[in-house]
Amino acid sequence: MSHQKAKICGCGYPVVQRTSWTHENPGRKFKGCRFYNFETGQRGCDAFDWVDEDILEWQKDVTNHLLSEKQRLAMEMKIIKGRAEFMEHEMKRLNEEHEKMKVKYEKMRKKAEGSSKIKNEHVYILISLCAIVSVVVSALYVMVFA
Ligand SMILES: [Zn+2]
């Protein structure tokens, strides 16, 4: 293991310090090629040196356990967020439906009010007809029997 400062890798760039998150070396720091990519495993050259000492078995276990726990929580969080988003969406939809129902109800109420107005008009006509008829009848009564 060399501890020279500002070591230059095969690509001609100073090596960079990174942290390994592999199952074998979780959290262990190393210096290597700046073009190394964890996800793809691609690298510019083979420059590689551990910075930290080898991890003990129990440290590996604890770190891996915490990592998987962290992943589990992140997954759960994602699910909860998804549910919250769905609920929000559903609430919005229900609110819109409520608004629509309100408008519909208002229309129906106005219609019902209008038809009851018509009914009232009918009642007035009937009452005035009754009044006219009773006047005519009593007039006739008076004419016939007086
Ligand atoms: Zn390199």
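**Metal site, strand and helix**

Tutor: This is a predicted model. Begin with Cys33: its relative accessible area is 2%, so Cys33 is buried.

Student: Which atoms are the protein donors of the zinc ion?

Tutor: Cys33 is one of the donor residues. The donors lie 2.3 Å from the zinc ion. They are Cys9 (SG), Cys11 (SG), Cys33 (SG) and Cys45 (SG).

Student: What arrangement do the 4 donor atoms make around the zinc ion?

Tutor: Look at the angles. They run from 101 to 119°. The ideal value for four tetrahedral donors is 109.5 degrees. Four donors count as tetrahedral if all angles lie between 85 and 135 degrees, so the arrangement here is tetrahedral.

Student: How are the donor residues of the zinc ion spaced in sequence, and how far apart in sequence are the parts that Cys11 and Cys33 tie together?

Tutor: The spacing reads C-x1-C-x21-C-x11-C. Cys11 sits in the segment before strand E1 (16-21), and Cys33 in the loop between E2 and strand E3 (48-50). The pair therefore ties together parts whose separation in sequence is 22 residues.

Student: Is Cys11 buried, partly exposed or exposed?

Tutor: Its relative accessible area is 28%. Buried means under 20%, and exposed means over 50%. Cys11 is therefore partly exposed.

Student: Now Arg28. Is it buried or exposed?

Tutor: Arg28 lies in strand E2 (residues 26-32). Its relative accessible area is 7%, so Arg28 is buried.

Student: Which residue has its backbone oxygen 3.2 Å from a polar atom of the Arg28 side chain?

Tutor: Start from the contacts of Arg28, leaving aside neighbours within four places in sequence. They include Trp50, Asp52, Glu53 and Asp54. The backbone oxygen at 3.2 Å belongs to Glu53.

Student: Which residues does Asn64 contact, leaving aside its neighbours within four places in sequence?

Tutor: Asn64 lies in helix H1 (residues 57-145). Its relative accessibility is 13%, so Asn64 counts as buried. With those neighbours left aside, its contacts are Thr22, His23 and Pro26.

Student: Which residues does UniProt list for "transmembrane region"?

Tutor: The model shows 100% helix and 0% strand over residues 123-144, with end C-alpha atoms 31 Å apart. The "transmembrane region" label comes from the unreviewed UniProt entry, which lists residues 123-144.

Key:
Residues numbered from 1 in each chain as written. Predicted model: local features only at pLDDT ≥ 70, side-chain atom pairs only at ≥ 80, totals over all residues. Heavy atoms only, no water. Helix = DSSP H or I, 4+ residues; strand = E, 2+ residues; numbered from the N terminus. Buried < 20%, exposed > 50% of the residue type's maximum accessible area, 1.4 Å probe, protein only. Contact = heavy atoms within 4.5 Å. UniProt positions renumbered as here; feature names shortened; annotations may be inferred. Polar contact = N/O pair within 3.5 Å; in protein donor to acceptor, adjacent residues only side chain to side chain. Donors = N, O, S within 2.8 Å, 3.2 Å for Na, K, Ca; no water. Tetrahedral: all angles 85-135°; square planar, octahedral: opposite > 155°, others 65-115°.
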